[in-house]
Amino acid sequence: MDLTQLQSLLNNGAFAIGLGAMLLYWAGAAFPQVKLLGELGLAGMIGINLTIAALLVARWIDAGYFPLSNLYESLFFLAWGITTLHLVALYWSRSRWVGVMTTPVVTGIVAFAALVLPEDMQVAQPLVPALQSNWLMMHVTVMLLSYAALLVGSLLSVSFLIVTRGQAVQLKGNSLGLQFRAPQRSTHPEWAEDPTPAPISELAYATAGIPSSSSATSSLGEPTPPLEPAGIPLQRLTLAEILDNISYRLIGLGFPLLTIGIIAGAVWANEAWGTYWSWDPKETWALITWLVFAAYLHARITKGWQGRRPALLASFGFVVVWVCYLGVNLLGKGLHSYGWFF
């Protein structure tokens, strides 16, 4: 078996594993009492991550350069980045909602690359002179990792909107995402997530000026039961807080990567084309993407936004990232266009 056949086998295997992981995560969300489904879904995501990594290595050996020169290769690298950040987000949150939202995206990316792209776009080609630069790995790798972090963070914001279902949720915390509300025992098993987040210290409650569930007492000296927001179970609110926090952290990771990638691209453009910025459609949409997520972080850090409003902004950012990465490359004209449709 040569490397070309191995790559074909691996991309088909990645699609099959991704589809299986997606079905397992969805089944786990439908039947949360069956914990094995979530564990099998996690195993599937690890499997697709390793399969795509093997595909990229085989492509690297076969082509003789780091595989980021065309749409096929960049799609698989993006899928690998999303699966890697899926594992990070899952470690932070311990929530099956991460897999419910990320597995369809990964499976769709792999299916598009392996089954939809024309064969001539899947074949490794010799690098054109403009791409024969060390900036290829620096710029494209950082940009794709930033897209992966922003996409996963945005997907968790979409999850937040689904979990809260339009309810007015008031989250109490700071710009770092630390929440000052004690986790409560679930009275709604259908929203249960394992394990329960660690309780927050009494000092944190005192610093925030919020009475904890263990210290709050009524006027008669008896403990006061924790308040439950109208319209949303406490356990579901805890899950919403987790999704909101992890989304913020991932977007906070993706934004500086995006900034570094844009700067590296400008330097490379000056080397290759003699200008740092030419208002190419790709460059313009990269700037729009940067502005959208800069507004998100500004609203969270300086305005104290949490919950629904930043989640809506991040959800809009999910669409903007895809337009920047894929839309202008396929539909637009410019120095970054793949020229498939036009």
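Here is a quick tour of this predicted model, going from the whole chain down to single residues. The chain holds ten helices and zero strands, where helices (H or I, at least four residues) and strands (E, at least two) are DSSP runs numbered from the N terminus. Residue numbers start from 1 along each chain as its sequence is written, and side-chain values use heavy atoms, with hydrogens and water left out. Because the model is predicted, local features need pLDDT of at least 70 and side-chain atom pairs count only at pLDDT 80 or more, while totals for chains, interfaces and linings use all residues.

**Whole chain**

- Read from the N terminus, the elements go α-α-α-α-α-α-α-α-α-α.
- Of the 342 residues in the chain, 48% are buried; buried means under 20% relative accessible area, exposed over 50%, and partly exposed in between, with a 1.4 Å probe and protein chains only.
- Among contacts with a separation of 6 or more, 78% come from residues 24 or more positions apart, a contact being heavy atoms within 4.5 Å.
- The accessible surface is about 16200 Å², and carbon and sulfur atoms own 67% of that; the areas come from the Shrake-Rupley method with a 1.4 Å probe, and for residues only the protein chains shown count as cover.

**Helix α1**

- Helix α1 covers residues 3-30, and its 28 residues reach 40 Å from first C-alpha to last, close to the 40 Å expected; the expected span is 1.5 Å times one less than the number of residues.
- Its buried residues are Q7, L10, N11, A14, G18, A21, M22, Y25 and G28.
- An α-helix has 3.6 residues a turn, so residues three or four places apart point the same way.
- The buried residues of α1 pack against α2 (35-63), α3 (71-93) and α4 (97-116).

**The α3/α4 pair**

- Helices α3 and α4 pack at about 170°, with axes 9 Å apart; axes are lines fitted to C-alpha atoms, for helices over the stretch in contact, and angles run from 0 to 180 degrees between N-to-C directions.
- That makes α3 roughly antiparallel to α4, since angles over 145 degrees count as roughly antiparallel, under 35 as roughly parallel, 65 to 115 as roughly perpendicular and the rest as oblique.
- The α3 side of the meeting includes L71, Y72, L75 and F76, and the α4 side includes V98, G99, T102 and V105.
- In α4, 16 of the 20 residues are buried, so the helix is largely enclosed by the rest of the structure.
- The end C-alpha atoms of α4 are 28 Å apart, which agrees with the 28 Å its 20 residues should span at 1.5 Å a residue.

**D244 in α8**

- D244 sits in helix α8 (residues 234-273) and is buried, at 3% relative accessible area.
- The side chains of D244 and R300 are joined by a polar contact of 2.9 Å; a polar contact is a pair of N or O atoms within 3.5 Å, and within protein one must be able to donate a hydrogen and the other to accept it, with residues adjacent in sequence counting only if both atoms are side-chain atoms.

**Two residues in α10**

- C324 belongs to helix α10 (residues 308-331) and is buried at 0% relative accessibility.
- Leaving out residues up to four places away in sequence, C324 touches Y147, K282, W285, A286, T289 and N329.
- The C-alpha atoms of C324 and P281 are 8.4 Å apart, though 43 residues separate them along the chain.
- S315 also lies in α10 and is buried, with a relative accessible area of 17%.
- The S315 side chain reaches the backbone oxygen of A311 at 2.7 Å.
- With residues up to four places away in sequence not counted, S315 touches S157, V158 and L161.
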